[in-house]
Amino acid sequence: MRGIVERLDHEGLGVVRVGRREIHVPFTAPGDVVEVRKWRKKKRKLTATDFEVVEPSASRVEPVCPSFGVCGGCLLQHIPYGGQVKFKAEKLSTLLGIDVEVIPSPVIYGHRNRIDVVISTNGIGFRRRGTWWDAVDIEWCPVFGESSRRVLRSLREFIEDHTPSLYEIRKNEGFLRYIVIREGKFTGELMVNLVTSEGSLPESFPDYFGYADSVYWSVNRTPSDVSYGEIERFWGSEFIRERLDDVTYLIHPNSFFQTNSHQAVTLVRKVAELVDGERVLDLYSGVGTFGIYLAKRGFSVEGIEVNPFAVEMANRNAGLNGVDATFRVGQDRDVENLSEYDTIIVDPPRAGLHPKLIRKILKDKPQSIVYVSCNPRTLRANLDELAGVYSLEGAVGIDMFPHTPHVETVVKLKLGV
C-alpha cells in the first residue's frame, strides 16, 4: 500500500491514510510518500513494521546519528528542529485547549547529560527500536556528545584485554550489564558507572577511565534488567557537580537529575518566575532541583520526597549552597495543611498526581500551584479534576528532549475560576 504522510501523531509517527485505514509509520515526515508492506495493531492503532520511504519530503534533514532509524532513542532527527518545536507546541495546544509556546533547547546535540548503554552480546549501545532483547552497536551518542565516544572506546579496550562475559539479554546471563555515563554540561565533570552482575572486577578497571572525575562499580543483585545497582566501589570523586545559574548540585550514580542541563536552567527559571508569595512547598522534591534554586532567591522552602536517598542528596545540596531549605521523607499526600503555603510545586512521575493528593488539594485549597509535567496526557487529566476550583493562568512547554516526541510542560493554577 502506498500513501502520503499527512501529519505526525502525538507520538511522533507519520500518519498515512490508506482507504479507511490510518497507518502510523515511524521515522517519516509530513509529505513523505511511503510504501507500507506490513503493519500490526499496537495500542489500538495500526503501526507499520515493514515500510519504505519511496519519495522523501523536501522538508527532511539528514540525521546526525548513523544509527538513526534502528536505535530506539531518537525518533525525530530527520525533522528540522524548528519543525520539531512546532509539532510539540501543536500537541500541547491540542491537549490543553489553549495556545502553548514551546521554548526550544539552545543545544540540540550534546545536550543530554546521562546515557545508559547496554553491554550485550548483540552490541554495546541502545535497544533496537521495538525490541527488549536486541541492541544496536554504537561508537558514540551524538545527543550526549564526544565524551561518550571516548568512554565507549575505553570500555571496548577493557573488554578486549580481560574478556569478561557480556550480557545475554534473552537469557539474563553475563557479568557486564550496563555502562552509565553522566556529565556536568556546565562543569565538564564526567562520571562512569559500570553495572555488573555479581562477580569480580579486575583491579586495573579504573585505569581505563583515568580521564573521568568519578568511576563507579555497581552490582545488580536482582533478576531485573536495570541499569543501576548497589555501590560496590568507587574511584576518584564521590560525586560530580552540575551548575544551574548560581546553584551547584551534586550528582551521584543513583540520583535523578534533569537530563538536559541547558533546559534545566530554563525550567528552574520558569518555575521561580511563576511562584507567588514566600512560603513554598516542593512536593516530589527529588535532589532539591527546584527547592534549592528558590531558596537561593529568598523563598522559604520545604520539600517532601518519598525516596530517602534523594532527600539525603537534597539536604547535602542545601548545605553545599548555604541555603535554609528543609527536605524530609514523606508521601505526596502527607502534608497536614496545604493552605499554609503560598505556592505548592508538584513535579510528579508520568502517572501524574495521586488521587489522594488531588482530593487534599481540593479540600485545603492552596492559593497557587505550579505543576511541572513530563506527561501532557496525565497533566490534562489532573487539570480536569481540579477544574471548577482552580483556573489555568498559563502554560509553557520546555523542550528538554530534542529529536523525541517528549516535552516538559509547566502550568500555573490559581484558586478561583
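You are looking at a predicted model, in which local features need pLDDT of at least 70 and side-chain atom pairs count only at pLDDT 80 or more, while totals for chains, interfaces and linings use all residues. Residues are numbered from 1 along each chain as its sequence is written, and side-chain values use heavy atoms, with hydrogens and water left out.

Now colour helix H2, residues 146-162, which is where phenylalanine 158 sits. Helices here are DSSP runs of H or I with at least four residues, and strands are runs of E with at least two, numbered from the N terminus.

Next, show the neighbours. Leaving aside residues up to four places away in sequence, phenylalanine 158 touches Thr163, Pro164, Leu176, Leu201, Pro202, Phe205 and Tyr208; a contact means heavy atoms within 4.5 Å. Then pick aspartate 207: its C-alpha lies 9.5 Å from that of phenylalanine 158, although 49 residues separate the two in sequence.

Move on to the cysteines. How many disulfides does the structure hold? There are 0, a disulfide being a pair of cysteine sulfur atoms within 2.5 Å. Select cysteine 65, which is in no disulfide; the nearest cysteine sulfur, in cysteine 71, is 6.2 Å away. Cysteine 65 is buried, at 13% relative accessible area. Select cysteine 141 as well: its sulfur has that of cysteine 65 as its closest cysteine sulfur, but at 6.6 Å this is too far for a bond. Cysteine 141 is also buried, with a relative accessible area of 7%.

Finally, zoom out to the whole protein chain. You can trace 7 helices and 22 strands. The radius of gyration is 23 Å, close to the 22 Å from the globule rule for 417 residues, so the chain is as compact as a globular protein of that length; the radius is taken over C-alpha atoms, and the rule is 2.2 Å times the number of residues to the power 0.38. Along its principal axes, the C-alpha trace spans about 65 × 60 × 35 Å. Of the 417 residues, 56% are buried. Among contacts with a separation of 6 or more, 60% join residues 24 or more positions apart.

Conventions. Buried < 20%, exposed > 50% of the residue type's maximum accessible area, 1.4 Å probe, protein only.
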